[in-house]
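User: I'd like to learn how to read a few features of a structure. Could you walk me through them?

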Amino acid sequence: MTGPESMGPASIGLPDPVILAIPAFVGLAVLEVLVARWRRHPAYELKDTAASLTMGLVNLVQAVLFAGLIWSGLQAAYQWRLFDLPLTVWTWLALLFAEDFVYYWFHRLSHRHRLWWAAHVNHHSSQHYNLSTALRQHWTGNFAGIWLLWLPLALLGFPPALIVFQQGVSLVYQFWIHTEQIRRLPRWFEAVFNTPSHHRVHHATNPRYLDRNYAGIFIIWDRLFGSFEAEDDAEPCRYGIVKNIGSFNPLRIAFHEWVGIVRDLRRARSWREAAGYLFGPPGWLPDGSGPTSDRLRADWLAGRKPTAG
Amino acid sequence: MELPLDPTVPLAGIALILLLVWLTGGRHRAAIAAPAEAAALLALPETGFAAAEIAVSRDGSTALARDAAGHIAVVFGSGARLAARRLPRGEVVQVAVDRDADQADGTTTATATLCIRSTAFTHRDFVLRLDAAAAADWQRHLQAQPA
């Protein structure tokens with residue numbers, strides 16, 4: 001088996017940003033718990049936090065298990081690269097934007113198609129929004145093949161080790177934006193970067209906020225591709241998912257949507273229905289009455305009550 | 001297999017965070033204070049349920065609601081938060097009233113426990129403690145709700 005030092009960022013002498021950041025994750029979460037308590041803001045709940053941290057821990061384990069496969073995939077794609085990009089700071093700067101662009105589309109795909117939503121929904125399953133929510137990471141995303149979306153970066157010629165490093169940087173960046181303790185940052189920063197305010201919108205179930213702000217580091221992609229929504233202080237975010245699961249059991253959190261997919265596939269009456277249940281938007285129903293985010297938003301805009309769900 | 005991280009670091013961090021959350025009041029449980037609170041939650045656009053009748057469990061943990069057409073929705077405590085969901089007929093696996101609960105004296109003021117098993121939540125149970133008559137009514141409502 002290939003050792004950790006011969007693959008990933010370590011192969012070019014770079015650290016794993018996520019591993020490096022774990023003490024900071026803990027320190028900032030501790031600080032947030034204390035600040036929230038001082039502000040008398042009920043940000044944390046024991047069972048919810050335990051579930052989120054367990055999800056994060058198991059996510060680390062699955063990352064180790066999948067590392068070899070993903071590394072092999074990136075290396076294979078790199079063999080067919082279009083350009084030879086040198087290992088310089090300019091290449092890294094280009095990758096900073098290119099990887100974030102890929103992340104935007106991965107994230108949008110994960111919200112718009114149920115197969116990938118099943119892997120991503122766990123991250124949204126908490127009705128709280130705090131730094132521990134950031135660690136409520138997927139268990140099944142790599143099984144669902146999300147890593148394939150990053151292969152084109154290797155085909156373009158970005159060194160695989162740098163791609164894995166940048167994925168870690170992005171994950172670390174996205175940690176601190178999972179908080180209600182920071183309201184707004186300077187206007188120039190809010191215009192360019194993903195911020196706590198933008199990401200609160202992303203985690204909200206209010207129809208106005210549903211499926212908005214998919215950004216990783218730069219919010220510019222949402223502004224560019226029409227998925228941006230600003231947080232309105234007059235409409236506080238309601239966190240969670242449209243159909244909250246009401247469970248703190250990590251197994252249920254990780255697998256409930258997969259169970260739902262299997263149940264729906266078993267009752268599908270045609271291949272078209274099966275495809276709809278698998279690749280349609282979350283909430284899709286064969287008769288078109290399902291509470292998809294588009295439908296909830298349209299109902300909300302028209303001032304109608306949802307007709308299904 | 002060599003791990004890229006000493007597991008004691010994240011495990012100690014988890015223990016520290018949980019201890020602090022516990023010490024700072026993180027064990028609060030949400031309760032439904034009044035039918036109006038459940039109705040307001042159900043009326044939010046995500047659920048869009050116009051409750052015509054609501055029953056709240058005596059312990060405030062759960063509420064059932066019925067709209068004018070006979071559809072049922074549930075409001076339930078999920079830790080420190082409340083959540084609301086429709087409870088379509090096809091998603092309810094079992095409805096049972098345990099009439100023995102708190103009925104030792106046999107009086108009409110006794111309560112009954114209405115237990116609803118829902119497959120929508122990967123078999124979550126909802127338990128409501130209601131007056132015996134109310135529990136029987138809601139059992140009928142759940143079984144008679146339109147598809």
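**Reading helix packing, backbone and interface**

Analyst: Happy to! Start where two helices touch: in helix 3 of chain A, Leu109(A), Ser110(A) and His111(A) meet Trp116(A), Trp117(A), Ala119(A) and His120(A) of helix 4 of chain A. By class, this contact has 4 nonpolar, 3 polar and no charged residues. Keep in mind that the model is predicted.

User: At what angle do helix 3 and helix 4 of chain A pack?

Analyst: The angle is about 100 degrees, and their axes are 6 Å apart. Angles of 65 to 115 degrees count as roughly perpendicular, so helix 3 of chain A is roughly perpendicular to helix 4 of chain A.

User: How do I read a phi value?

Analyst: Most residues other than glycine have a negative phi. Here, Arg40(A) has a positive phi, near 55 degrees. Asp211(A), also not a glycine, has a positive phi of about 55 degrees.

User: Where is Arg40(A) placed, and is Arg40(A) buried or exposed?

Analyst: Arg40(A) sits in the loop between helix 1 and helix 2 of chain A. Arg40(A) is exposed, because 7 other C-beta atoms lie within 10 Å and the cut-off for exposed is 12 or fewer. Asp211(A), in the loop between helix 9 and helix 10 of chain A, counts as partly exposed with 19 C-beta neighbours inside 10 Å.

User: And how many residues of chain B are in contact with chain A?

Analyst: There are 33 residues of chain B in contact with 41 residues of chain A. On the chain B side, helix 1 of chain B gives the largest share, 10 residues. By class, that side has 18 nonpolar, 8 polar and 7 charged residues.

How values were computed:
Residues are numbered from 1 along each chain as its sequence is written. Chains are lettered from A and ligands numbered from 1 in the order in which they are written. This is a predicted model: local features need pLDDT of at least 70, side-chain atom pairs count only at pLDDT 80 or more; totals for chains, interfaces and linings use all residues. Two residues are in contact if their C-beta atoms, placed from the backbone, lie within 7 Å. Helices (H or I, at least four residues) and strands (E, at least two) are DSSP runs, numbered from the N terminus. Ala, Val, Leu, Ile, Met, Phe, Trp, Tyr, Cys and Pro count as nonpolar, Asp, Glu, Lys and Arg as charged, and the others, Gly among them, as polar. Axes are lines fitted to C-alpha atoms, for helices over the stretch in contact, and angles run from 0 to 180 degrees between N-to-C directions. Angles under 35 degrees count as roughly parallel, over 145 as roughly antiparallel, 65 to 115 as roughly perpendicular and the rest as oblique. A residue is buried if 20 or more other C-beta atoms lie within 10 Å of its own, exposed if 12 or fewer, and partly exposed in between; C-beta atoms are placed from the backbone.
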